[in-house]
Amino acid sequence: MTATITIRPLQRAELTTLWQLGFSNPDAEWTRWNGPYFHDQLPTQTDFETIIGPRDWLIQPRNWVITRDGGIVGSVNWHFVDGPLKRWLEVGIIIYDQAHWGEHIGRIALTKWLTHLFQEETTLPHIGLTTWSGNTRMMHLAEAVGLKQEARIPQVRYWQGQYYDSVKYGILRSDWHPQKD
């Protein structure tokens, strides 16, 4: 039986569930791959439920959840690289539990997210995704959904005593042809 993968906005009643699943464990495996060189701190439950969740997930939902057979397994997001100019949009994706890695959930969810953004959220001609050369899974995912490598900035990401490249992918609206689920 094939799992049903969806993306959708978070419901207010799911804030605690999402925090527990995605942000309660600072040593979660996904944190080692999601720009670990930035040393970002995960939000506390209180901050997530009262500030971050409402702001970024409910009021202006720039983050959606990914579900597998109805249960939350990850999230997709967008942000403007250029801040208030709002002309350079990039996306991201996280599958929180590594037990679901390798199930092609990311490919399905990212394809749905890009389609949604191009059709419903933006008239911009380009959407990008930035990762690092240490995250080969994300590089493969970007290519699997049809994004093209547009730039590679050598040795600007430093993690665990080693330099890595910053790798930028993107696609033009005119070139977006979603892959089949």
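Student: What are the helix and strand percentages over residues 5–170, and how far apart are the end C-alpha atoms?
Tutor: The model is predicted. Over residues 5–170 the chain is 30% helix and 33% strand, with 23 Å between the end C-alpha atoms. UniProt, in an unreviewed entry, places the feature "domain: N-acetyltransferase" at residues 5–170.

Student: Why is Ser 75 called buried?
Tutor: The relative accessibility of Ser 75 is 2%. Buried means under 20%, so Ser 75 at 2% counts as buried. Ser 75 is part of strand S3, which covers residues 71–80.

Student: Which residues does Ser 75 touch, leaving out those up to four places away in sequence?
Tutor: Ser 75 touches Trp 57, Trp 64, Val 65, Ile 66, Gly 92, Ile 93, Ile 94 and Tyr 96.

Student: What makes the pair Ser 75 and Tyr 96 a polar contact?
Tutor: Their side chains are joined at 2.7 Å. The cut-off is an N or O pair within 3.5 Å, and the 2.7 Å contact between Ser 75 and Tyr 96 is listed as polar.

Student: How far apart are Ser 75 and Leu 10, in sequence and in space?
Tutor: Ser 75 and Leu 10 are 65 residues apart in sequence, and their C-alpha atoms are 9.5 Å apart.

Student: How do you know whether Thr 131 is buried or exposed?
Tutor: Thr 131 has a relative accessible area of 5%. With buried set at under 20%, Thr 131 is therefore buried. Thr 131 lies in strand S5, residues 126–132. Beyond four places in sequence, Thr 131 is in contact with Met 138, Met 139, Asp 165, Ser 166, Val 167 and Tyr 169.

Student: Which residues of helix H1 are buried?
Tutor: In H1, residues 15–23, they are Leu 15, Leu 18, Trp 19, Gly 22 and Phe 23.

Student: Why are the buried residues of H1 said to line one face?
Tutor: Seen down the axis of H1, the buried residues fall within an arc of 100°, so they line one face of the helix. An α-helix has 3.6 residues a turn, so residues three or four places apart point the same way. The cover over the buried residues of H1 includes helix H2, strand S2 and S3.

Student: How do you know that the span of helix H3 is close to the expected one?
Tutor: H3, residues 105–121, has 17 residues and reaches 22 Å from first to last C-alpha, against 24 Å expected at 1.5 Å a residue.

Student: What makes H3 mostly covered?
Tutor: Twelve of the 17 residues of H3 are buried, among them Ile 105, Trp 113, His 116 and Phe 118.

Note on methods. Residues numbered from 1 in each chain as written. Predicted model: local features only at pLDDT ≥ 70, side-chain atom pairs only at ≥ 80, totals over all residues. Heavy atoms only, no water. Helix = DSSP H or I, 4+ residues; strand = E, 2+ residues; numbered from the N terminus. Buried < 20%, exposed > 50% of the residue type's maximum accessible area, 1.4 Å probe, protein only. Contact = heavy atoms within 4.5 Å. Polar contact = N/O pair within 3.5 Å; in protein donor to acceptor, adjacent residues only side chain to side chain. Arc of directions from axis to C-beta. Expected span 1.5 Å × (residues − 1). UniProt positions renumbered as here; feature names shortened; annotations may be inferred.
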